[in-house]
Amino acid sequence: MCNLCGGTHVVHEINSFSIGFTTCPECGPEPKEQFRARMDELQRRIEIVETQLESKGA
Ligand SMILES: [Zn+2]
């Protein structure tokens with residue numbers, strides 16, 4: 001597995017002013033399908049959290 005990005009295709013760029021995300025120079029950009037799968041997973045998690053928040057009753 002890549003040491004720079006750990007297989008995520010994204011590296012964190014930290015300087016004195018900000019933290020940024022940039023494409024891993026070793027692996028190149030993340031494949032579209034992988035990116036979409038990751039976004040879908042993220043969306044699912046957000047929905048789960050929202051459902052939990054709603055069931056608690058704000
Ligand atoms: Zn990498």
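The model is predicted. The protein contains 1 helix and 2 strands, and their order along the sequence is β-β-α. Its radius of gyration is 16 Å, whereas a compact globule of 58 residues would have one near 10 Å.

**Overall dimensions and burial**
- Along the principal axes, the C-alpha atoms of the protein fill a box of roughly 45 × 30 × 15 Å.
- Of the 58 residues in the protein, 0% are buried.
- A residue counts as buried only if 20 or more other C-beta atoms lie within 10 Å of its own C-beta atom.

**The strand pair**
- Strand β1 comprises residues 10-14, and strand β2 comprises residues 19-23.
- The two strands run antiparallel and are joined by 5 bridges.
- A hairpin of 4 residues connects β1 to β2.
- Within this pairing, Glu13 stands opposite Gly20 in β2.
- Strand β2 is hardly covered, since the count of buried residues among its 5 residues is 0.
- In a regular strand, side chains alternate between the two faces of the sheet.

**The helix**
- Helix α1 covers residues 32-56, a run of 25 residues.

Definitions and conventions. Residues numbered from 1 in each chain as written. Predicted model: local features only at pLDDT ≥ 70, side-chain atom pairs only at ≥ 80, totals over all residues. Rg over C-alpha atoms; globule rule 2.2 N^0.38 Å. Buried ≥ 20, exposed ≤ 12 C-beta atoms within 10 Å, placed from the backbone. Pairing = 2+ DSSP bridges. Expected span 1.5 Å × (residues − 1).
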